[in-house]
Amino acid sequence: MNYLLNHLDTAWALTLIHLRLSLIPVILGLMIAVPLGALVWRHRALRRLTTFTASLVFTIPSLALFVALPLIIPTRILDEANVIVALTLYTTALLVRAVPEALDAVPGSVRDAASALGYTRVGQLLKVELPLSIPVLVAGLRVVAVTNISMVSVGSVIGIGGLGTWFTEGYQADKSDQIVAGIMVIFVLAILIDLIIVLAGRLLTPWARRVPVT
Amino acid sequence: MNFLQQALEYIFSAENWAGPAGLGARILEHLQYTGVAVAVSALIAIPIGLIIGHTGRGALLVVTGVNALRALPTLGILLLGVLLWGLGLLPPTVALTLLGVPPLLAGTYAGIANVDPNVVDAARSMGMTEARVLTRVEIPTAMPLILGGLRTATLQIVATATVAAYASLGGLGRYLIDGIKVRQFHIALVGALLVTALALLLDAVLAAAVWVSMPGSGRLRRRIPQPLVDDEMRLETQPPRRTPDYSGRDPAPPGGGASPNVEGW
């Protein structure tokens with residue numbers, strides 16, 4: 001605790017790096033996964049291919065991907081871009097499987113009502129089906145955001161910045177208080193981001209609150 | 001960029017596989033950390049998930065617990081563990097177990113809690129005890145989700161066991177971390193490739209297990225006989241005894257189904 005209070009400015013700087021590395025991928029992944037998921041939704045073959053590729057990508061260990069990415073894309077080894085690309089891939093892989101499932105779950109009666117009201121297929125997708133899939137997206141985003149925050153800290157063993165450096169520094173200097181401070185900051189950060197996503201999900205689905213929970 | 005070629009050459013040279021620091025030994029170490037951590041996570045998470053899923057009490061505990069555990073950084077726990085308890089198998093096991101518990105707990109709990117309540121009620125009204133409802137109805141029905149949780153847990157643990165090497169332990173992380181440290185990137189790539197291969201392999205095995213365990217699919221030739229028929233068969237094949245042995249495996253149904261009254265005493 002003392003360590004944290006004595007190094008608040010460093011903590012803040014590291015937190016910003018940590019958030020940049022873990023949350024930019026969440027936003028990028030969301031921007032890729034939602035349109036992609038909606039596009040492949042109605043195409044059985046494309047959907048299977050996407051699901052399969054996504055599961056495969058998700059299986060690759062993150063630390064391995066941080067190291068192996070420079071072979072595939074023109075970045076330098078130990079570049080921040082590797083982390084952002086790798087975590088974007090994970091986020092996309094996780095969300096792109098959830099989007100078609102969320103769209104499937106929209107009840108047929110709602111779909112019929114929307115088309116009876118004269119929505120075009122695209123309009124229906126954008127204004128009815130995607131909004132109704134927000135709860136599923138929120139659930140996916142929560143897992144992915146918290147996982148990313150933890151993964152960025154693991155990256156410090158191969159020299160990636162962020163709060164994980166407190167772990168490696170503290171370990172090398174035999175300072176357990178530094179490690180404890182790092183755990184506390186990352187824990188609080190993850191819980192806060194989780195809360196923000198839950199709140200954002202509630203704000204975006206005002207109808208969910210008006211229906212009494214049975 | 002011929003790191004990949006160098007890495008593959010390294011992997012496909014027989015002399016790199018032998019010895020206590022060879023690829024074979026490192027893979028075994030990696031599997032050992034993974035296996036121990038997965039087993040401990042399962043021993044902790046599955047019983048808790050079963051109890052909470054079955055009774056329906058403490059669901060909030062699962063949700064908050066899972067989220068909180070997920071937010072704990074594995075590397076921090078591992079390195080703190082090494083500083084507190086010294087080198088050895090304990091720190092990576094604790095750190096990796098904390099990583100494996102959330103998906104397993106969530107999977108087990110969701111699996112049991114989502115079993116159709118009508119099915120559970122039917123089982124109860126057939127006279128099954130709570131323990132039998134759990135082991136013969138709820139667990140088989142929930143098996144795909146429980147194994148799904150095991151799959152996610154194994155995947156995360158095998159991927160993250162790499163960091164054990166940072167705490168002077170073995171495993172495939174040795175290649176990855178040492179390679180980066182001494183700027184021999186093809187060595188780091190050897191570690192990355194092998195960890196990926198191991199993860200893909202384990203995931204494929206567990207995916208097959210999930211597929212086989214789908215209830216009603218007949219993919220798993222059950223050694224457990226169908227419960228109700230089984231009980232009836234046993235009643236019919238056994239001549240009525242004066243003191244029916246209802247202790248242990250064959251508890252008396254509540255309300256006295258095939259009760260002593262019927263058999264006349």
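**Close-up views of a predicted two-chain model**

From the N terminus on, the elements of chain A run α-α-α-α-α-α-α-α-α-α-α. The model is predicted: local features need pLDDT of at least 70, side-chain atom pairs count only at pLDDT 80 or more, and totals for chains, interfaces and linings use all residues. Residues are numbered from 1 along each chain as its sequence is written, while chains are lettered from A and ligands numbered from 1 in the order in which they are written.

**View 1. Chain A as a whole.** The secondary structure of chain A amounts to 11 helices and 0 strands; helices (H or I, at least four residues) and strands (E, at least two) are DSSP runs, numbered from the N terminus. Taken along the principal axes, the box filled by the C-alpha atoms of chain A is roughly 70 × 45 × 25 Å. Of the 214 residues in chain A, 41% are buried (20 or more other C-beta atoms within 10 Å of the residue's own; exposed is 12 or fewer, partly exposed is in between, and C-beta atoms are placed from the backbone). Among the contacts in chain A with a separation of 6 or more, 70% join residues 24 or more positions apart; a contact requires C-beta atoms, placed from the backbone, within 7 Å.

**View 2. The side of chain A that touches chain B.** The contact draws 34 residues from chain A and 34 residues from chain B. On the chain A side, two or more residues each come from α4 (62-72), α8 (134-154), α9 (164-172) and α10 (176-204). The largest share, 10 residues, belongs to α10(A). By residue class, this side of chain A holds 21 nonpolar, 11 polar and 2 charged residues. Here Ala, Val, Leu, Ile, Met, Phe, Trp, Tyr, Cys and Pro count as nonpolar, Asp, Glu, Lys and Arg as charged, and the others, Gly among them, as polar.

**View 3. α10(A) against α4(B).** The axes of α10(A) and helix α4 (residues 74-85) of chain B come within 10 Å and cross at roughly 155°; axes are lines fitted to C-alpha atoms, for helices over the stretch in contact, and angles run from 0 to 180 degrees between N-to-C directions. The two helices are therefore roughly antiparallel to each other (over 145 degrees; under 35 is roughly parallel, 65 to 115 roughly perpendicular and the rest oblique). α10(A) passes α4(B) in a left-handed crossing, in which the near helix is turned anticlockwise from the far one by less than a right angle. From α10(A), A:S176, A:I179, A:V180, A:G182, A:I183 and A:I186 meet B:G76, B:I77, B:L79, B:L80, B:L83 and B:L84 of α4(B). The residues of this contact divide into 9 nonpolar, 3 polar and no charged.

**View 4. Surroundings of A:T91.** A:T91 lies in helix α5 (residues 80-104) of chain A. A:T91 counts as buried because 29 C-beta neighbours fall inside 10 Å. Apart from neighbours within four places in sequence, A:T91 contacts A:P25, A:V26, A:G29 and A:V144. A separation of 9.4 Å divides the C-alpha atoms of A:T91 and A:V143, which are 52 residues apart along the chain.

**View 5. Surroundings of B:L98.** Helix α5 (residues 90-113) of chain B contains B:L98. With 20 C-beta neighbours inside 10 Å, B:L98 is classed as buried. Neighbours within four places in sequence aside, B:L98 is in contact with B:L69, B:L72, B:T74 and B:I77.

Terms used
Contact = placed C-beta atoms within 7 Å.
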